[in-house]
Amino acid sequence: MAIDFHCNLFTPEAIKKNWYDAPEMYRLIKWWKMEDRVQGKTVAEFLAMMDEAGCDTTLVPAIRMFSYKKKTLVWNITEEEVFEVVKLSGGRIQGLAGFNPLLGMESVRQVEKAVREYGFKGVYIHPYGWGIPLNHRQFYPLYAKCAELGVPVSMQVGHSAEHMPNEFGRPIHMDDIALDFPELNIIGAHTGWPWTEEMMSLAWKHENVYLGIDAHNPKYLEPSLVQFMKTRGQNKVIWGTNYPAVMHKEAIEIIRNELGLSEKVANKVLHENAARVYKL
């Protein structure tokens, strides 16, 4: 059974607030023609969809997404919102904390609370709108705390589909983090495209760096990335959806049947690597 390491909060209330009522995100719905996918689900409905797809566990992040232009929060998905669906899922949905670098230690303490009290499995960062790169000193208290807690940090790298500067998500910024925090597991989400080769090089170089293939339908993955998955990167690639951008059933079927991966490698990408990194 697969593990989705990155799935957006899916309840009807969350879909309305974070997608349809947020102009930046509603633009993506229209651009990507996602009207049929961006539909709210109850926890029971979502678990049934996971069952049909062959997905055992899903990680849902609290997300602080900041507008580069308006300097306000585009998304403010709280740990408490995520914890509500976690509690109803029978352990099949796990939470990831969010982070606001402008709040400094206040946000670090919220992360610690989420891990220690709510049982969250890690942290997710959306870097672009803050106007600071991932290796900026304002993120370092978070990395230190996560290293102390023994939980991984995932971060979107590559381009931003939102109207935000891509530069702040360059995968190469992860190089400094991996060197300064060798005991911290780091996942570069969204493949790092268009700097996919850069992201692959970091996952190969650092024992503690992993490459997430969420947000991109697997049939559109770069050929070099598929080759990396088949060979020296088979222990370093982690599957996710960024749902509703990608649907679980279609993605799992493509990875198992259409990319030319052996069953052993497909199982690593879909399950084993995430289980190891997130201690599931």
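Analyst: The protein chain has 11 helices and 10 strands (DSSP runs, H or I over at least four residues for helices and E over at least two for strands, numbered from the N terminus). Its radius of gyration, taken over C-alpha atoms, is 17 Å, close to the 19 Å from the globule rule for 280 residues, so the chain is as compact as a globular protein of that length (the rule is 2.2 Å times the number of residues to the power 0.38). This is a predicted model, in which local features need pLDDT of at least 70 and side-chain atom pairs pLDDT 80 or more, while totals for chains, interfaces and linings use all residues. Residues are numbered from 1 along each chain as its sequence is written, and side-chain values use heavy atoms, without hydrogens or water.

Along the principal axes, the C-alpha atoms fill a box of roughly 45 × 40 × 35 Å. Among contacts with a separation of 6 or more, 75% are between residues 24 or more positions apart (contact means heavy atoms within 4.5 Å).

Now the part itself. The loop between β8 (186-189) and α8 contains Pro194, and a cis peptide bond with omega of about 10° joins Trp193 to Pro194. His190 lies in this loop and has a positive phi of about 70° although it is not a glycine. Thr191, also placed between β8 and α8, is likewise not a glycine and has a positive phi of about 70°. Both residues are covered: His190 counts as buried because its relative accessibility is 10%, and Thr191 counts as buried because its value is 3%.

With a relative accessible area of 16%, Glu198 is buried. Leaving out residues up to four places away in sequence, Glu198 touches Arg170, Pro171 and Ile172. With Arg170, Glu198 also forms a side-chain polar contact of 2.6 Å (N or O atoms within 3.5 Å; within protein, one able to donate a hydrogen and the other to accept it, with residues adjacent in sequence counted only if both atoms are side-chain atoms).

Elsewhere, a cis peptide bond with omega of about 15° joins Tyr243 and Pro244. Pro244 sits in the loop between β10 (237-238) and α10 (248-257).

Technical notes: Buried < 20%, exposed > 50% of the residue type's maximum accessible area, 1.4 Å probe, protein only.
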